[in-house]
Protein chains: 2
Amino acid sequence: MTQNAKLNRQIQLASRPVGAPTLANFHLANTSVPNIGPGQLLLRTVFLSLDPYMRGRMSDAASYAAAVAVGATMVGGTVCRVASSQHAGFSEGDWVLAYTGWQDYAVSDGSGLTKLDPAVAAPSLALGVLGMPGFTAYMGLLDIGAPKAGETVVVAAATGAVGSVVGQIAKLKGCRVVGIAGGASKCNAAVEEFGFDACIDHQSPDFAARLAAACPQGIDVYFENVGGKVFDAVLPLLNTSARVPVCGLIANYNATQLPDGPDRSPLLMRTLLTKRIRMQGFIIFDDYGHRYPEFAKEMGQWLAQGKIKFREDFVDGLENAPQAFIGLLEGKNFGKLIVRVAKD
Amino acid sequence: MTQNAKLNRQIQLASRPVGAPTLANFHLANTSVPNIGPGQLLLRTVFLSLDPYMRGRMSDAASYAAAVAVGATMVGGTVCRVASSQHAGFSEGDWVLAYTGWQDYAVSDGSGLTKLDPAVAAPSLALGVLGMPGFTAYMGLLDIGAPKAGETVVVAAATGAVGSVVGQIAKLKGCRVVGIAGGASKCNAAVEEFGFDACIDHQSPDFAARLAAACPQGIDVYFENVGGKVFDAVLPLLNTSARVPVCGLIANYNATQLPDGPDRSPLLMRTLLTKRIRMQGFIIFDDYGHRYPEFAKEMGQWLAQGKIKFREDFVDGLENAPQAFIGLLEGKNFGKLIVRVAKD
């Protein structure tokens, strides 16, 4: 089913997942396209970003942002075109970065929109390397990780929207960069496309030993976006004065209970103490929103100079967003996952 | 048995403890007083500091400092007088801060010694509020904790050498200060002697609920020097953007294995992420040695102005050091624990 001008398809949260989300947690509703009034504009979704944080929005456990209500449309970043406008600042056909969620159309009063110039960069990049994931990589690595030339930086989900940028920036800063990814083709891409020094397959039975071998000088910065067994392998390799920006914990997002014991939190605390490690969680726009222009300028230059590469993983059709999102949590995407809602 | 000029008593590590140290892990050896040569001086111990970190030195598990060898004299900070000198910089009778360990006498070439002026401050304070514990409190709280006026600061071991200073500095900075201590008399002292706003007894059966009630605005800075069940009660109370300097984990030092499950390390990581918390271990002289003069100046002023109070817990006799140290790990001391090796 494709986008048309008479119908506003919405993907709503049908029920809260217990453990991994299933298709039954989502409902595709056919609603009418809303009308606009003076000062408003109608946005038509072209690209919808799918990101791991959305799993948190499906639950009502306390988190840093409100949960999506059951029956409400799933939230998410989008790249839209203006379908019609009664707003002086926007004209039909304009490209904008918005946060209109998993649907074809939305009404806006213009607030929170960022105009995009397709002559400068492909609009979809505003959802990836030039947008929230790239900004997350940039600030988390540079401000919290603070890598120095010659240090070893490790990042998991090495071909993902965040990880691939973390690794490439760390290379620009003169670090040894070791990625972690699932499967040989992703590991090859991390090294060959993104220029990592090494990339270790976490599906390998001797993963921990291979990671240790790839980090002969230990780990100075571990950019945490995974958690779980990847963190277990990283922890004993952390050097004195290592920094651990905590960006995400995708391995845990579907967990319904804590893992079996022993309770290793004292081990984690002891490692922080004896190795004088700094570990810091961050939420990109809450902590660093004021520094977005600095990121946008430098990343724009790097892209123009070909110093940062990116990979997008497009899925066609809004109706395929739920399955794509389920796959994202399983690591099935290969690059920044984007739903192409319309062929525009 | 008291100190005399013919005998150098040494308390040596007889064996490595498994779990809590016992008296059998220590051996009191009677050795001869060493001779000095040109450029050397003989130090006679007056005060020996007992500190929780010494438990780590008794084990050969990897830590931030080398283990004491079995058969070697236990290490530790001391306040000594110069018994005889062939060193141009020191005269008989001088008071010095040294690191000569659990013994009556030691030879020095003068390196690493700090002269003390007993007219300025009681020499024993160089082991407490004016020394390593005070410096630890000062830098950990101010540099990592970075408390702002009106915030809530929580510190355990509230009447201890470090905790009592943390709380008082936080009060000087305009914070609400909640201590945690073991037993009513320590809790009373935290409030009445040290000026904490509240102090909760961790032996109380409703400890966690009482801590929550004492922190109606949550916790902005938790100065971690205990770990264990105290940390468990603190974790859910931490506010967004809280800071957790990790100074010590005395509750875990005698553990021979990790606690039973579930494994709560994912909960800890998730809390760091969703609340954007900074947690950072530090080892005072390794991380902040260069800032000692800044501390010494400000703390000296605060003491002179009566703004910082302290409590010392003296134990008489070098031979009683092992039992006092065992008690320290059990929380039996009340203030900075110091062995008065000689009555000087």
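Which side chain meets that of Glu193(A) in a salt bridge? The partner is Arg311(A), with 2.4 Å from N to O; a salt bridge here is a side-chain nitrogen of Lys or Arg within 4 Å of a carboxyl oxygen of Asp or Glu. The model is predicted, so local features need pLDDT of at least 70 and side-chain atom pairs count only at pLDDT 80 or more, while totals for chains, interfaces and linings use all residues. Residues are numbered from 1 along each chain as its sequence is written, chains are lettered from A and ligands numbered from 1 in the order in which they are written, and side-chain values use heavy atoms, with hydrogens and water left out.

Chain A is assigned a domain 1 (7-128 + 311-340) and a domain 2 (132-285), with bounds from an automatic or database domain assignment. Their centres, taken over C-alpha atoms, lie 29 Å apart. In contact (heavy atoms within 4.5 Å) are 21 residues of domain 1 and 15 residues of domain 2. The two domains of chain A bury about 1,400 Å² between them, 62% of it on carbon and sulfur atoms; buried area is the accessible area (1.4 Å probe) that two parts lose on being put together, summed over both. Between these domains the count is 1 salt bridge.

The relation of the two chains comes next. Chain A can be laid on chain B with an RMSD of 0.0 Å by a turn of 180 degrees and a shift of 0.0 Å along the axis, superposed by least squares on the C-alpha atoms of residues with pLDDT of at least 70 in both. This is the relation of a two-fold axis. In chain A, the C-alpha nearest that axis belongs to Gly261(A), at 1.6 Å.

Of the area that chain A buries against chain B, 22% is supplied by Met269(A), Leu273(A) and Arg276(A), more than by any other three residues. Between the chains there are 6 salt bridges; Asp263(A) and Arg264(B) meet in a salt bridge at 2.8 Å, N to O.

Finally, helix H3 (residues 163-172) of chain B has 8 of its 10 residues buried, that is, under 20% relative accessible area (1.4 Å probe, protein chains only). Helices (H or I, at least four residues) and strands (E, at least two) are DSSP runs, numbered from the N terminus. Among the elements that cover the buried residues of H3(B) are helix H2 (132-145) and strand S8 (152-156) of chain B.

Note on methods. Buried means under 20% relative accessible area, exposed over 50%, partly exposed in between (1.4 Å probe, protein chains only).
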